[in-house]
Amino acid sequence: MIETDVLIIGSGIGGLSTAIKIAEARPDLSITVLTKTIEGESNTRYAQGGVAAVWDAEVDSYTKHKEDTLDAGDGLCDEKLSTSWCPKAPTGCVTSSIGVRGSTRKRHD
Ligand SMILES: Cc1cc2nc3c(=O)[nH]c(=O)nc-3n(C[C@H](O)[C@H](O)[C@H](O)COP(=O)(O)OP(=O)(O)OC[C@H]3O[C@@H](n4cnc5c(N)ncnc54)[C@H](O)[C@@H]3O)c2cc1C
């Protein structure tokens, strides 16, 4: 039987960034990441690398971001969550702080 201090289920960006944060804060803990197929198989693997957020509120809008999110989600998004999250997106992006390379190209179309 495997014994561990922390068990993380899922090896996408959510699980792996959590593992990194815990390892940095508590190097004394053992951390195990469990995933259902091969370790690289996740939605994270297929992401193109763009991060949608309103970077300049003078030329973009949180309403447009929410509408785009709901449209891209094709009925699967929680509208209440999308409404509250979109204004927080510029400060909530964690990818660069954990070393994930993403696109920095700005688009306003
Ligand atoms: C084609 C595509 C393009 C995308 N492009 C972008 C983009 O450009 N920009 C962007 O911001 N986002 C994009 N996304 C969305 C982004 O990939 C996801 O929001 C993000 O990767 C989710 O990360 P996660 O760690 O929450 O989940 P995931 O990456 O899906 O990881 C979930 C993990 O949990 C594991 N798991 C699931 N069920 C179980 C179980 N029962 N037992 C054990 N393990 C389990 C999976 O195997 C996987 O390892 C895209 C998604 C896709 C599919």
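This report describes a predicted model of a chain with a ligand, from its overall fold to selected residues.

Residues are numbered from 1 along each chain as its sequence is written. Because the model is predicted, local features need pLDDT of at least 70 and side-chain atom pairs count only at pLDDT 80 or more, whereas totals for chains, interfaces and linings use all residues.

**Overall organisation and confidence**

The chain holds five helices and two strands, arranged from the N terminus in the order β-α-β-α-α-α-α. These elements are DSSP runs numbered from the N terminus, with helices (H or I) of at least four residues and strands (E) of at least two. Buried residues account for 2% of the 109 residues in the chain; a residue is buried if 20 or more other C-beta atoms lie within 10 Å of its own, exposed if 12 or fewer, and partly exposed in between, with C-beta atoms placed from the backbone. Of the contacts between residues at least 6 apart in sequence, 57% join residues at least 24 apart. Two residues are in contact if their C-beta atoms, placed from the backbone, lie within 7 Å.

The mean pLDDT (the predictor's confidence in each residue, from 0 to 100) of the chain is 87, and 84% of its residues reach 70 or more. Where pLDDT is low, the predicted coordinates should not be read in detail.

**The ligand shell**

The ligand is surrounded by 21 residues, and Gly10, Gly12, Gly14, Ser42 and Asn43 are the closest. The shell divides into six nonpolar, 13 polar and two charged residues. In this division, Ala, Val, Leu, Ile, Met, Phe, Trp, Tyr, Cys and Pro count as nonpolar, Asp, Glu, Lys and Arg as charged, and the others, Gly among them, as polar. Helix H1 (13–25) and helix H2 (43–46) each supply at least two shell residues. Domain 1 (1–47) and domain 2 (49–97) each contribute at least three, the domain bounds coming from an automatic or database assignment.

**Strand E2**

Val33 lies in strand E2, as does Leu34, the strand covering residues 31–34. Val33 counts as partly exposed because 16 other C-beta atoms lie within 10 Å; Leu34 is partly exposed, with 13 such neighbours. Beyond four places in sequence, Val33 touches Ile8, Ser11, Gly15, Leu16 and Ala19, while Leu34 is in contact with Leu7 and Ile9.

The table lists C-alpha separations for selected pairs.

| Pair | Separation in sequence | C-alpha distance |
|---|---|---|
| Val33 and Val6 | 27 residues | 8.5 Å |
| Leu34 and Gly15 | 19 residues | 9.1 Å |
| Thr83 and Leu70 | 13 residues | 9.6 Å |

Helix H3 (residues 62–73) has 12 residues and spans 16 Å from its first C-alpha to its last, close to the 16 Å expected at 1.5 Å a residue. The expected span is 1.5 Å times one less than the number of residues. The phi of Asp74 is near 50°, a positive value in a residue other than glycine. Most residues other than glycine have a negative phi. Asp74 is exposed, since 7 other C-beta atoms lie within 10 Å. Thr83, in helix H4, is partly exposed, with 14 C-beta neighbours inside 10 Å.

Terms used
Near = placed C-beta within 6 Å.
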